[in-house]
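This report describes a ligand site and a pocket in one protein model. The sequence and structure are shown first.

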Amino acid sequence: MNAAGVANAALRRTILAAADDRRVQRFVRRHGRKLGAGRFVPGETLDEAVVALRRLNDRGLLANTSLLGEGVRDRAQAEAVAAEYEVILDRLAAERVGCNLAVKLTHLGLELGEELALANVERVVARAASHGNFVRIDMEQSAFVDATLRIYRTLRERGRDNVGVVLQSYLYRSERDLAELLPLRPNLRIVKGAYLEPPEVAYPGKADVDAAYVRLVEAAFAGDGYTAVATHDERLIEHAISLGRDGSRFELQLLYGVRPQLQLDLVRRGHTVRIATPYGPEWYPYLMRRLGERPANLLFLVRNLLRG
Ligand code: FDA
């Protein structure tokens with residue numbers, strides 16, 4: 001890694017570590033709107049999200065949406081999240097928006113128990129199936145990978161096919177996980193990984209994460225499933241496109257507010273492009289991960305604050 005890379009990686013770790021500091025939390029939560037959180041999160045309500053989703057559809061972009069939240073440690077709250085997702089799915093169907101769901105298992109109670117998270121996510125997946133829609137299970141911190149993959153497998157064993165999962169290229173284990181999942185003809189989203197992970201489980205260097213990303217995409221494309229190549233890294237996007245996979249068997253995914261021109265350029269080139277568009281009042285950890293990915297975004301926030 002060169003000097004700039006080392007500085008960037010250090011800044012990234014500092015931002016992700018600072019996200020847990022109560023004073024940072026209080027400040028960013030209080031000034032979120034003014035800081036420009038709206039660049040990455042279109043709103044706090046489903047109504048606001050639907051407006052943004054429509055706007056994306058109008059530009060030829062598909063979407064997925066999530067009610068922001070994670071780490072729920074109250075059973076009733078986790079069940080309420082599942083119920084809210086049913087409402088969201090009904091609304092997406094009624095509005096005929098081109099949008100599926102992405103959910104986090106810790107939002108649906110994984111830290112309270114695997115059975116609870118499974119029951120809640122199955123309820124969401126079943127409602128999605130009734131609308132012909134699809135649910136992606138996001139991947140969270142490395143401590144949750146085993147449980148997440150077990151739940152995904154259980155859903156598939158129970159005949160739930162409208163569900164997919166995520167693999168993170170920064171984890172050493174992901175290539176093995178991919179090989180073990182391939183016989184299921186999985187619907188996989190490949191990402192680099194957004195959490196602060198120790199070198200015992202994840203590549204610390206960007207070059208290694210990028211190289212692992214290429215290997216994962218190539219291995220996924222060699223299999224029979226559907227692959228979502230989720231990155232803003234143009235080199236990796238172009239590499240995936242150059243592999244020549246049939247357009248019905250992969251899509252490109254980017255985040256709301258990140259590289260919007262690239263999103264449109266890819267649509268114009270005829271690719272299926274889906275924009276992850278989460279919403280809700282619990283935007284804080286999500287925003288901090290977006291900052292960690294690109295420390296230059298800190299400047300964007302500071303500029304907004306000064307402008308305020
Ligand atoms: P990289 O970080 O190398 O960035 C490549 C280029 O893209 C940068 O040079 C910069 O210009 C631009 N860029 C990247 N991030 C930016 C940002 N936040 N703001 C502005 N510009 C930015 N992670 C996870 O652990 N679990 C998950 O389930 C998901 N799900 C998910 C879905 C989708 C649709 C996407 C696109 C990403 C995720 N992620 C994720 C996040 C992912 O792990 C990763 O942190 C980000 O995608 C950033 O990495 P890139 O692949 O974009 O590459």
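How many nonpolar, polar and charged residues does the lining of the second largest pocket have, by class? The lining has 14 nonpolar, seven polar and eight charged residues; here Ala, Val, Leu, Ile, Met, Phe, Trp, Tyr, Cys and Pro count as nonpolar, Asp, Glu, Lys and Arg as charged, and the others, Gly among them, as polar.

## Basis of the model

This is a predicted model, in which local features need pLDDT of at least 70 and side-chain atom pairs count only at pLDDT 80 or more, while totals for chains, interfaces and linings use all residues. Residues are numbered from 1 along each chain as its sequence is written, and side-chain values use heavy atoms, with hydrogens and water left out.

## The second largest pocket

The volume of the second largest pocket is about 750 Å³. A pocket is an open set of points on a 1 Å grid over the protein atoms alone, where a 1.4 Å probe fits, with protein on both sides within 12 Å along at least five of seven lines; lining residues have an atom within 4 Å of a point. The volume is the space filled by probe spheres set on the points, which are joined across faces, edges and corners. The lining comprises 29 residues, of which Asp20, Glu70, Gln141, Pro285 and Arg289 are the closest to the centre of the pocket.

At least two lining residues come from each of helix H1 (3-18), helix H2 (22-35), helix H4 (75-95) and H11. Helices (H or I, at least four residues) and strands (E, at least two) are DSSP runs, numbered from the N terminus. H11 gives the largest share of this lining, four residues. Aspartate 20 belongs to the loop between H1 and H2. Its relative accessible area is 63%, so aspartate 20 is classed as exposed (over 50%, with a 1.4 Å probe and protein chains only).

## The ligand site

The ligand is surrounded by 26 residues, with Lys192, Gly193, Lys206, Thr231 and Glu293 the closest; a residue is near a molecule if one of its heavy atoms lies within 4 Å of it. Polar side-chain atoms lie at 2.6 Å from a ligand oxygen atom for lysine 192, at 2.7 Å for lysine 206 and at 2.9 Å for glutamine 168. The protein buries 87% of the 920 Å² that the ligand exposes when taken alone, by the Shrake-Rupley method with a 1.4 Å probe.

Two or more shell residues come from each of strand S4 (163-168), strand S5 (187-191), strand S7 (250-255) and helix H11 (284-293). S7 provides the largest share of the shell, three residues. By class, the shell holds 10 nonpolar, six polar and 10 charged residues.

Conventions. A polar contact is a pair of N or O atoms within 3.5 Å; within protein, one must be able to donate a hydrogen and the other to accept it, and residues adjacent in sequence count only if both atoms are side-chain atoms. Buried means under 20% relative accessible area, exposed over 50%, partly exposed in between (1.4 Å probe, protein chains only).
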